[in-house]
Amino acid sequence: MAYLFQQALNALQLGSIYALIALGYTMVYGILTMINFAHGDLFMVGAFFCFLLAVYLELSFVPTLLFTILGVAMLGVVIERLAYKPLRNAPRVSAIITALGVGLFLENFTLALSPYPKHIPALIEHTTWTIGTVSISSLQILVIVLSLVLMLILDFVVQRTKAGMAMRAISWDKTIVPLMGVPVNKIISLTFAIGTGLGGAAGMMYGLAYPVIDPYMGIMVGWKAFISAVVGGIGNIRGAMIGGFILGAVEIMVAAFFPSTYRDFVAFTLLFILLIVRPYGILGKPHPQKV
Amino acid sequence: MKKSAIFIILLVILSLGICGCSKDDSSQIKIGVIAELTGDIPAVGASCKNAAEMAAAEINDAGGIHLGGKKYPVKLIIEDNAGKADQSASSAQKLITQNKVVAIVGPNASRYALPAAEIAESGKVVLITPWSTAPKTTLDSKTGAPKKYIFRSCFIDPFQGRVLAKFVLDNLKVKKAAVLYDVASEYNKGIAEIFKEVYEQNGGKVVAFETYTTNDKDFSSQLTKIKQTAPDIIFLPNYYSEVPLQIQQAKRLGITTPFIGSDSWGSEELIKLCGKDCNDYYFSTHYAADASTAATKKFIEDYKAKYGTTPDDVAALTYDFFGLIFQALKTAGKNDRQAVRDALAKIPQYEGVTGNMQFKEGSGDPVKSAVILKIKDGKFTWFANAKP
């Protein structure tokens, strides 16, 4: 029982990071029907921002988090303006290829600065509490709580504010909504800022939880977050959160009860079956093609 | 008209290129280096490159290598394999066909050395990998017989696994071990399996044998599982960039068991990434910087003066490779791939900075001893020697 509880905690930690990154994929897809494959690398940039701020400016936890989110969000907006906006009316494939290119640029740019893996210092005090045989670390709690708080804020923004309403409206219909006086470009920039900012926050928390960072760290995590977004129903914000937690739980639990060699094989087979049963993801809705 | 003009210009450029390649062939000795300069283990590649440049500079300062009464300078051609298996193979191909090198050093990690070794073997060019300890690197994949053109300057994993298993049983006197290793990497997998086999043959018990795949950062599930089995020691035959994560996560999960590692730990980067968390653990490696002979001391001092850090095992092994290849070139007496290979195969033993190596006829694997190092206050210190 204690074993199960410990593994559930591990799953929550991993799942909340996947969920945070998955949000960025799903928000951009919702509004532009485009998959931003550079998102995993923006997540990596977040971890490096955190490293620079914490090591060279010696900032403490809260300012590091705020500046990391701000920095990555700005980078996200700039990338949208320079790389994706000119292609908004081009075929979807061009935008996806551009996104892959931006991702490669970010990876190799970071690589060119320094190819060595970096160590992120502990920004909060490490304490481990042991209850019976279950160990809970302060870091684990921080990652889980902070992710949940960020997700709740996002949910509030999207569901309860005017800007959030505009986002939902644009994802509903891109031709009529501008006619109603909704500033499309501003809303798209805002979506990118929020989505990539969350990715940056995830990068920082990932860097704190797994404190060795390298320029390639975003690739695999990015793919897994993308899968989370698809499982939850791409374009659906609550779906992305659920998808992230499901993927985290499946990965941890498979390794906990099967030989760990089969982890990815079993985990992805399960997700595959899930997508056969619900091809639009858990909360996704089918979009019938209108003639 | 326009098209044919472009075609002719292209042809001219191409032929110029070809001439450019073949012109300087005879005036210098070209040695290729394939190193992991970027990717997941860049510290390994940097050490390899540094030691290679140092060895080449030393011989060039002395006027080059005497071959048949003439002096030839050594020219290094350094390729980055970006920590990728496919790029290792294509770098080897490029060095062989385009740069026409006489021999190749590297790649260092077994998972990159293996594909490059296949290319070098079929291209009939000597390839010495300084750091690849997996047995398969020097063996033919089809017949299992030793490859003809592949050599190494380090010991191999069956020996290292045995040394570690015996060390845990005899010196640390613990009989319950757990292993966590990268199942997607040749080196990690090989040494983990050998450790388990020898350990269990000699009365120990491996209570958990857990895996992950390259680039994983979360080991919490596997470590929780290991904690459940309550081992006395945890063996991590993984690369220096992953080990700190594993040890730190284990500590956060409340694991207080000591850890032990293999030669892939032996980089200064380990200390940088791990901090205090790695203190008091042991690992096996190729040489100890603090307990060494006169020749080794000179090498360490020169290296420190040039690059400002203590040379790690990759640097020392790379340096030894150059010693071997220079000796082979002198014996061969000519700048020729086949002659170098034959001369190299006939070297019975070599006294390098990493100790004495003995080569058996027909095998590219040296017989040499290992050392066990202990991490003490962030420094690698000599603890024990292990004879073959």
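Two strands are taken to pair if DSSP finds at least two bridges between them, and the strands themselves (E, at least two residues), like the helices (H or I, at least four), are DSSP runs numbered from the N terminus. In this predicted model, local features need pLDDT of at least 70 and side-chain atom pairs count only at pLDDT 80 or more, whereas totals for chains, interfaces and linings use all residues. Residues are numbered from 1 along each chain as its sequence is written, chains are lettered from A and ligands numbered from 1 in the order in which they are written, and side-chain values use heavy atoms, with hydrogens and water left out.

A place to begin is chain B, where β8(B) and β9(B) run parallel and are joined by seven bridges. Strand β8, which spans residues 176–182 of chain B, is mostly covered, since six of its seven residues are buried; here buried means under 20% relative accessible area, exposed means over 50%, and partly exposed lies in between (1.4 Å probe, protein chains only). Within this pairing, B:L180 stands opposite B:E210 of β9(B).

Side chains of opposite charge can pair when their charged atoms come close. The side chain of B:E210 meets that of B:K225 in such a bridge, at 3.6 Å from N to O. This pair links distant parts of the chain, with B:E210 in strand β9 (residues 205–212) and B:K225 in helix α7 (residues 220–228) of chain B, 15 residues apart. Both B:E210 and B:K225 are buried.

The structure holds 16 salt bridges over all chains, and another of them joins B:E79 to B:K94, with the closest N and O atoms 2.5 Å apart. B:E79 counts as buried because its relative accessible area is 14%, while B:K94, at 28%, is partly exposed.

In a further salt bridge, B:E186 and B:K136 bring their closest N and O atoms to 2.9 Å. The two residues are 50 apart along chain B, B:E186 lying in helix α6 (residues 186–201) and B:K136 in the loop between β6 (126–129) and β7 (150–152). B:E186 is partly exposed, with a relative accessible area of 27%.

Turning to the interface, 36 residues of chain A are in contact with 33 residues of chain B, contact meaning heavy atoms within 4.5 Å. The area buried between the two chains is about 2800 Å², of which carbon and sulfur atoms give 53%; this is the accessible area (1.4 Å probe) that two parts lose on being put together, summed over both. A:Y3, A:Y116 and A:V212 supply 19% of the area that chain A buries against chain B, more than any other three residues.

Two salt bridges are counted between chain A and chain B, and the side chains of B:K217 and A:D214 meet in a salt bridge with an N to O distance of 3.0 Å. Among the elements of chain A that each supply at least two residues of the side touching chain B are α1 (2–32), α7 (184–209) and α10 (263–277). The largest share of that side, five residues, comes from α1(A).

Some backbone features remain. Most residues other than glycine have a negative phi, and most peptide bonds are trans. A:T33, in the loop between α1 and α2 (39–55) of chain A, has a positive phi of about 40 degrees although it is not a glycine, and A:T33 is partly exposed at a relative accessible area of 37%. A:E58 likewise has a positive phi, near 50 degrees, and lies in the loop between α2 and α3 (61–84) of chain A; at 66% relative accessibility, A:E58 counts as exposed. In chain B, a cis peptide bond with omega of about -10 degrees joins B:G106 and B:P107, and B:P107 is found in the loop between β5 (103–105) and α4 (110–122).

Terms used
Salt bridge = Lys/Arg side-chain N within 4 Å of Asp/Glu carboxyl O.
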